[in-house]
Every structure is written in structure tokens, then in C-alpha cells.
Amino acid sequence: MGTKAKKSRKGGERDRDKIPNSVYEAELFRLQTELVKVQEWTRASGARIAVIFEGRDAAGKGGTIKRITEYLSPRTARIAALPTPTEREKTQWYYQRYVAQLPSAGEIVLFDRSWYNRAGVERVMGYCTPQEYAKFMRQTPIFEQMLVEDGILLRKYWFSVSDAEQLRRFRSRLADPLRQWKLSTTDLQSISKWEEYSRAKDEMMVHTDVPASPWFVVESEIKKHARLNMIAHLLSTIPYTDVPHEKVVLPDRPAPSSGYERPPRELSTYVPDHVAALRGDVERDL
């Protein structure tokens, strides 16, 4: 069988395995409604929730985070996606810049990658010394135990994707001007270092998948399934309850004031009517 035929068959099998979009959208909306309840419970109870998203490049972490935060207030649920450490940060205790991102009372923080950079990319790419890596493996369970004992609800998710699917997603990004920015030199090097990353992940799990802060693996071969599975699991681990709300009643609009006149429109600078130009183009094409 030719390569194209094999690819076509594989794509067809994956499509047949997917849940219908209508089911996906309905369930996602239901889960997002529950996430709003979690947000209100977090505010009311003063809970602190920290969720770690780790996994292969292009495994679907960002898309899942986007769906989680879609209807949440950025004042309550924020994303921590830290850049490369500065020269000053490199001299600090390794966890220090992540500690600054931890949630305060009534906050949810989603870590789009976290202190586990040291167990993954830093280990594989040689950005840390063997001594720094060994220290990280010893200290991380203790560090996380301290967070949990202090009352932080810590959840850790590893998004798992096959090498073939990762490569397909990389190629898709290369051809998409809206997503090319997602590809970095380090991302592309992960293709040739697949086994090294696999070994690093396995070793990380041995040392840090502990009862106090376990890892939960999300099968991410089909992104939509991964989103639903991960969000549903997260909700199942948070002891949230419905928070009663006062009934909101819109006030009556006051009668028009006799003493106010709107300034002439000519005194304001309006943005050009781009839509009118588009409509004109459409009408000309018809």
C-alpha cells in the first residue's frame, strides 16, 4: 500500500474515533459552566488552586488552557507562562520565580509549563548541570509537599502524544501563518531528541509521581478528547460547591434628562468603517 493511502487510512480511522462536534461542543460548554462554579467557590472559600500542564511540544496543553479560561475572570484565573530566566533569576533558588506565581486566596493559577522545565528541556538540552538536575529530583517532592501541606490544591497533568502525531502537528504549524510563532528552535530539536525526552519523562515520573502530588497522564492523540478528559478529571478532584448568588435585578432606566446634550459627533475621532468597505467588496463580487 502506498504512503498516501496509508496516511489517508490513518486519518480516516482517527476521524471515525472522534466524537461528533455537536457532542464535543455541548459537553465542553457543560464543563465550562462547572468551571465557572469552581471560580465562584474559589473566590468565596479563599481556596488556592495551582494546575501544572506539562508534556511534549504540540501535545495540546495551550488549547486546553484556553478552553479552561474562556469564560473565567482573569482576576481569578490566570496563566503563568514564564519566559527564559534572566541572568538575575539564574542566580536565585531554582523554584523562586515560580513561587512568586503561586495563587493567593481566591485564585486559580494555570502553569503553562512549570518548574518541571528542569526535568525536561533543561535536562535534555544541557541547560542545567547534572548536579542541579539531581538536586531538583530530590527537592521537588519536598517542595510540593510543602505546597500541599500549606493548603494549595496542586494538580499535575502530563499531556502524552505520539511522535507521528507530534510531527503532523509541527508540519501543520509550519503551514499556518497564525501558528508559526509556536515553533521554536527547541521545539524542532525535540523531533530528533524524542528518545531523550522519553527517558527524561520516565525518570521524572519515578521521582515526582508521589501520593502527595501525583501525576495524571492525559492521552492527547485527539485534542478534543484530551480537553474534555482533562477538564472533567480536574473538576472531579476539586471539592467545590454551588455558591448562592443574590438575584440580580436591572434597575429602571431613568427618564431622559432635560439638561444634557451629547456633543456633536464631529468633535470625536471615530475609527474608519472597515466593515462598510468589506460589504462594498462583497456586493461588487456578487
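The conversation below moves from the whole chain to single residues.

Tutor: Please keep in mind that this is a predicted model. The protein chain has 11 helices and five strands.

Student: Why is the protein chain called more spread out than a compact globule?

Tutor: The globule rule gives 19 Å for 286 residues, and the radius of gyration is 24 Å, well over that value, so the chain is more spread out than a compact globule. Along the principal axes, the C-alpha trace spans about 75 × 60 × 40 Å.

Student: What share of the residues counts as buried, and what does the accessible surface come to?

Tutor: Of the 286 residues, 37% count as buried. The accessible surface comes to about 18200 Å², and carbon and sulfur atoms hold 54% of that area.

Student: Which part of the chain does the UniProt annotation cover?

Tutor: An unreviewed UniProt entry carries the annotation "domain: Polyphosphate kinase-2-related" for residues 21-244. In the model, this span is 50% helix and 14% strand, and its end C-alpha atoms lie 33 Å apart.

Student: What makes the phi of Ala 58 worth noting?

Tutor: Most residues other than glycine have a negative phi. Ala 58 is not a glycine, yet has a positive phi of about 70°. The residue is found in the loop between strand E1 (48-55) and helix H3 (61-69).

Student: Is Ala 58 buried or exposed, and how do you know?

Tutor: The relative accessibility of Ala 58 is 7%. Buried means under 20%, so Ala 58 counts as buried.

Student: Where is Arg 113, and what is its phi?

Tutor: Arg 113 lies in the loop between strand E3 (107-112) and helix H5 (121-125). Its phi is positive, about 75°, although Arg 113 is not a glycine.

Student: Why is Arg 113 called partly exposed?

Tutor: Its relative accessible area is 24%. Buried requires a value under 20% and exposed one over 50%, with partly exposed in between; therefore Arg 113 is partly exposed.

Student: How do you know that Ser 104 is partly exposed?

Tutor: The relative accessible area of Ser 104 is 42%. Since exposed means over 50% and buried under 20%, Ser 104 is partly exposed. Ser 104 is found in the loop between helix H4 (96-99) and E3.

Student: Which residues are in contact with Ser 104, leaving aside neighbours within four places in sequence?

Tutor: They are Ala 47 and Arg 48.

Student: What makes Trp 158 a buried residue?

Tutor: Its relative accessibility is 10%. The cut-off for buried is under 20%, so Trp 158 counts as buried. Trp 158 belongs to strand E4 (residues 153-160), and, apart from neighbours within four places in sequence, its contacts include Glu 54, Met 204, Trp 215 and Phe 216.

Student: Why is Gln 39 called buried?

Tutor: Gln 39 has 5% relative accessibility; buried means under 20%, so Gln 39 counts as buried. Its place is in helix H2 (residues 21-45). Not counting residues up to four places away in sequence, Gln 39 touches Leu 72, Ser 73, Thr 76 and Ile 108.

Student: How far apart are the C-alpha atoms of Gln 39 and Glu 107?

Tutor: They are separated by 8.1 Å, while the two residues are 68 residues apart along the chain.

How values were computed:
Residues numbered from 1 in each chain as written. Predicted model: local features only at pLDDT ≥ 70, side-chain atom pairs only at ≥ 80, totals over all residues. Heavy atoms only, no water. Helix = DSSP H or I, 4+ residues; strand = E, 2+ residues; numbered from the N terminus. Rg over C-alpha atoms; globule rule 2.2 N^0.38 Å. Buried < 20%, exposed > 50% of the residue type's maximum accessible area, 1.4 Å probe, protein only. Areas by Shrake-Rupley, 256 points an atom, 1.4 Å probe, with all protein chains shown as cover. UniProt positions renumbered as here; feature names shortened; annotations may be inferred. Contact = heavy atoms within 4.5 Å.
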